[in-house]
Structure formats: C-alpha cells, structure tokens
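Reader: I am new to this structure and would like to learn how to read its features one at a time. May we look at it together?

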Amino acid sequence: MKSIYFDLTNSGISGDMVLASLLGLIPDSTQIITNLKDLKKKLKGVSKLELDLKIVKKMGIETNRLEIVIEESKTHRSPEDLSNALDEYLNENHFSNPAKEFARKVLSTLFKAEAEVHGKLIENIHLHELSSVDTLIDILGVTNVIDTIGGFDTDFSYYCSEIPLGGGKIKSAHGILPIPAPATVKILENSNLSVKGGPIEMELVTPTGAALLVNLHPVHSEFVPSMNLIKMSCGTGQKEFNAFSNTLRLFYGERKHLMRSNELHPISDYVEEVSILETSVDDVSGEILGNFVNILGNEDVLDIQIIPSITKKNRPGHVIKIICEPSRSYDLILKTLRELGTLGVRFYSSKRVCVDRKSVNKKIEIKGKSYELNFKISFIKKGEKTEIINVKPEFEDLSAISKDTTLTVKEILFYCQNVIEKLYKNYL
C-alpha cells in the first residue's frame with residue numbers, strides 16, 4: 001500500500017514545487033521533462049520552451065527546483081485552447097485513463113474557481129493570473145510522475161499536513177487583492193484540508209498548487225503517518241524568502257494494509273476531533289449539579305454526563321464529563337471552575353464518529369386531530385448510496401402531544417410508525 005505525505009511544515013505549495021518534488025521520486029526524470037517540451041507545439045504563440053531540473057540549496061539543504069524559460073507572444077488563452085492542448089498531449093503520450101481524468105479535473109478546477117470568483121461562464125474567462133504554458137507543464141508533469149509510480153491505483157493513498165497560506169496583499173490584473181487569492185480560496189473550500197494564515201506576508205499557495213493537491217484528495221495528518229519510508233524528496237519554487245526555506249517535502253513509502261483499509265471505510269469520513277473535560281467532586285449538592293447541567297445546556301456543548309463515584313476518602317461523589325468542540329475547551333473549563341468550585345479540570349483530545357442527520361417535519365392524525373412532529377433522520381453516505389441509521393420522532397413533540405391527548409408517549413409512537421416507515425424508504 002504505497003503512500004505520499006505532503007509536508008508543508010516550512011513551505012507553501014505551487015504547481016512547479018509539486019512537480020519538482022515529485023520528479024525526485026523517480027530514478028530518471030529526463031524523459032518526462034523532454035516530453036513536456038512538446039507543449040511548445042500545442043499552444044500558438046510559444047516560440048521558446050526550455051525545462052531543466054536543478055539542484056539548489058535552501059538553508060544548506062539540497063532541493064529540486066524546476067527552471068522554466070518561456071518566450072511567447074500570447075498570454076491570454078481561452079479555456080478551450082488549454083483543454084484542447086491538454087487533451088492532445090494526454091492522448092499522444094499514453095497516459096492511463098485515471099491519469100487523464102485527474103489532469104482534466106485539475107484544469108477544470110482552475111476554470112471553475114476563476115469563473116465563480118468573477119461571476120462569469122467558464123467559456124468567457126481568461127486566466128489572467130496564470131501563465132498558460134506554466135499551468136499545463138505543472139498539471140501534465142505531475143500527472144505523468146504520479147502515473148509512473150502507480151499513484152492513481154485504488155490502493156495508493158495521500159496525506160497532507162496543515163497548509164500555510166501566507167498573508168498580506170498581492171498585485172493582480174484586477175488590482176490589489178488579499179492573500180490568499182480569491183481563486184485559491186475557492187479551490188480550497190470544502191476540500192477537508194486544514195489551512196492557516198502566515199507565517200510570512202507573501203503568497204504561499206497558488207491556484208495551480210491548490211488544484212493539484214485538492215484533486216489528490218489527501219487526508220489531513222499533523223505528522224507523517226506510519227510507513228516504511230522508500231524515499232524523501234524536496235522541491236522549491238522560484239521565490240526567495242528570509243528565514244523561510246519554502247521547501248516542500250514529500251515522504252514516499254509503504255503503509256500497512258490494515259491502516260489503509262480503515263481509511264477507505266466509509267465511516268472514516270465521519271471522524272472528528274473533540275475535547276473531553278472531566279472533574280471529580282464530592283462536596284457539591286444535587287441542586288448545584290442540576291443547575292450546572294441547565295447552565296451548560298445553553299452552551300455549545302456536545303454532551304454532558306454526571307457519573308456516581310467513590311472518591312479516595314471513601315466519600316460518595318460524582319465525575320462530571322463534558323464533550324465539546326476543541327475551541328470551546330478553555331471557556332467551559334473556566335465556567336466549570338466557577339460554578340462547581342472544583343480545584344482542577346482534566347482535559348484531553350479524542351476522536352468520535354458522528355454521522356449525518358437532518359430534521360423533517362411531518363403530520364400524524366390521532367382521533368381525528370392532526371399533529372405536527374419533527375423526525376430526526378440519521379444516515380451515512382456511501383458514495384451515491386445512503387444507509388439509514390435511525391428515524392426517530394423528537395421526544396419534546398411526543399411529550400406535547402401526550403399532554404394534549406392524555407395518551408402515553410409509547411402509545412403515540414404507534415401512530416408514528418407509518419410516517420417512520422415512509423421516511424425510511426424515501427431516504428434509502
């Protein structure tokens with residue numbers, strides 16, 4: 001089970017950086033670079049195209065850098081021109097079908113981002129911020145290397161660290177824009193990748209770099225995942241920064257089958273990180289504990305439990321356990337200290353699986369009278385299919401109907417069965 005980890009601890013990401021680092025993973029990059037020079041024939045207006053992979057030193061460490069020399073008379077090309085050139089190159093150089101699909105998706109991602117940012121139809125956009133030839137070199141070069149190492153096989157996995165976006169402003173064809181550029185932000189939206197600003201006030205992520213990364217669908221990992229390391233390769237771009245090497249590192253290795261199978265499991269998409277806060281009390285009354293639960297009911301907590309216990313002094317006590325979003329930890333710890341007077345609160349990170357859910361309002365009829373209830377539907381998406389976990393009417397609605405009808409909640413549930421069955425079938 002082969003894998004690549006993108007380590008952006010001390011770098012951003014651009015198309016040429018990805019290509020330079022990937023070329024270091026194969027024994028001989030000469031043929032790929034030679035083939036890329038043929039792009040000169042695919043795009044009108046290109047009089048000169050030279051490519052070379054150089055070894056440079058960044059903060060004393062040797063790293064790859066792609067040197068590109070382009071002379072062209074045309075800088076604005078339509079999406080149709082670029083798509084035709086890309087397809088012609090793919091068909092002439094015997095790429096696999098998954099590789100062709102990847103390359104087209106990357107280019108399409110760039111088109112869609114530009115179109116959405118500028119509010120235009122794709123066929124009407126011009127990639128002002130992208131050199132047409134550079135873009136195709138990066139996409140096709142990266143696609144070629146990944147295809148060569150089997151990176152489009154179903155058992156090949158990708159991982160990525162947190163992505164530093166840089167900061168400040170950049171001069172564009174549309175004026176001064178904030179960093180990251182709007183197109184880059186649009187590409188990273190809904191990608192499940194973890195991003196952050198800084199650490200310097202410069203552009204660190206380009207649209208092409210973002211599009212390449214997003215379409216590999218890497219799993220976020222703070223550190224290099226467990227693997228038998230085959231090779232580590234570094235790549236850098238053209239920009240030079242003080243005290244920031246901007247060196248992208250790729251860790252290429254082999255992972256155990258069990259780890260990979262877990263990540264392929266559909267439930268893995270529902271894993272999220274939470275914080276768990278705990279404290280033990282043996283001198284707090286039931287009234288105060290009940291009031292504390294009511295107070296936290298108005299806060300952004302995911303769950304709260306009070307568990308009976310015996311303390312070290314053989315006194316009866318309680319363990320209070322609060323599950324919350326990590327960003328809420330300190331606020332809730334302070335509230336716990338103040339409300340309960342406890343001397344300390346333990347907290348730690350954990351992972352949980354939390355499936356999708358939605359609420360649907362439906363009517364039921366009881367003894368000739370119509371009542372509205374909210375039904376909570378929980379489910380798991382498996383590609384195009386949906387697995388229903390549960391369909392359940394909200395207890396507060398059942399309780400309100402019970403008071404109005406004098407029927408028990410259990411009796412009212414019998415009236416709900418027909419609606420539950422219909423909802424179950426409709427959402428399959």
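Reader: Which residue just after H5 takes a positive phi?

Author: That residue is Gly 150, with a phi of about 80 degrees, just after H5. Please keep in mind throughout that this is a predicted model.

Reader: How should I judge the confidence of the prediction, and where is confidence lowest and highest in the chain?

Author: Where pLDDT is low, the predicted coordinates should not be read in detail. Here the chain has an average pLDDT of 89, and 93% of the residues score at least 70. Confidence is lowest in helix H8, residues 257-264, with a mean of 55. The highest value, 97, belongs to helix H1, residues 15-23.

Reader: Let us return to the helix with which we began. Where does H5 lie?

Author: An α-helix has 3.6 residues a turn, so residues three or four places apart point the same way. In the present case, helix H5 covers residues 132-148 and lies across S2, S3 and strand S4 (157-160). Relative to S3, H5 runs at about 135 degrees.

Reader: How many residues of H5 are buried, and what span should H5 have?

Author: Of its 17 residues, 14 are buried, so H5 is mostly covered.

Reader: In what order do the seven strands form their open sheet?

Author: The order is S2-S3-S10-S11-S1-S4-S9, and the pairing is mixed. Strand S2 (46-58) and strand S9 (219-220) are the edge strands, each pairing on one side only. Within the sheet, strand S3 (residues 61-72) and strand S10 (residues 228-236) run parallel and are joined by two bridges. Arg 65 stands opposite Thr 236 in S10.

Reader: Is Cys 234 buried or exposed?

Author: A residue counts as buried when its relative accessible area is under 20%. Cys 234 has a relative accessibility of 11% and therefore counts as buried. This residue is found in strand S10. Beyond its neighbours within four places in sequence, Cys 234 is in contact with several residues, including Ala 20, Ser 21, Glu 62, Thr 247 and Arg 249. By contrast, Lys 363 is 129 residues from Cys 234 in sequence and 62 Å from it in space, C-alpha to C-alpha.

Reader: How is an aromatic pair described, and how many does a search of the whole structure find?

Author: A pair of aromatic rings is described by the distance of the centres and the angle of the planes. The search of the whole structure finds seven such pairs. One of them joins Tyr 5 and Phe 251, a tilted pair with 6.3 Å centre to centre and 55 degrees between the planes. This pair links distant parts of the chain, since Tyr 5 is in strand S1 (residues 2-7) and Phe 251 is in strand S11 (residues 247-254), 246 residues apart. Tyr 5 is buried at a relative accessible area of 1%, and Phe 251 also counts as buried, at 11% relative accessibility.

Reader: Why is the pair of Phe 241 and Phe 244 edge-to-face?

Author: Planes over 60 degrees apart count as edge-to-face. The planes of Phe 241 and Phe 244 stand at 65 degrees, with the ring centres 6.0 Å apart, so the pair is edge-to-face. Both residues, Phe 241 and Phe 244, are buried.

Reader: Which residues form one aromatic cluster with Tyr 252?

Author: Phe 156 and Tyr 158 form this cluster with Tyr 252. Tyr 252 has its place in strand S11 and is buried, with a relative accessible area of 8%. Among the residues in contact with Tyr 252, neighbours within four places in sequence left aside, are Lys 2, Ile 4, Leu 25, Phe 156 and Leu 229.

Reader: In what order do three strands form an open sheet, and what is their pairing?

Author: The order is S16-S17-S18, and the pairing is antiparallel. Its edge strands are strand S16 (356-366) and strand S18 (385-393). S16 is joined to strand S17 (residues 369-382) by 11 bridges, and the bridge partner of Asp 356 in S17 is Phe 379.

Reader: Which helices lie on S16, S17 and S18?

Author: Helix H11 (residues 395-405) lies across these three strands, running at about 160 degrees to S17. Helix H12 (residues 409-426) packs on the sheet and touches S16, S17 and S18, its direction making about 130 degrees with that of S16.

How values were computed:
Residues are numbered from 1 along each chain as its sequence is written. This is a predicted model: local features need pLDDT of at least 70, side-chain atom pairs count only at pLDDT 80 or more; totals for chains, interfaces and linings use all residues. Side-chain values use heavy atoms; hydrogens and water are left out. Rings of Phe, Tyr and Trp (its six-membered ring) pair if their centres lie within 6.5 Å; planes under 30 degrees apart count as stacked, over 60 as edge-to-face and the rest as tilted. Helices (H or I, at least four residues) and strands (E, at least two) are DSSP runs, numbered from the N terminus. Buried means under 20% relative accessible area, exposed over 50%, partly exposed in between (1.4 Å probe, protein chains only). Two strands pair if DSSP finds at least two bridges between them. Contact means heavy atoms within 4.5 Å. Axes are lines fitted to C-alpha atoms, for helices over the stretch in contact, and angles run from 0 to 180 degrees between N-to-C directions. pLDDT is the predictor's confidence in each residue, from 0 to 100.
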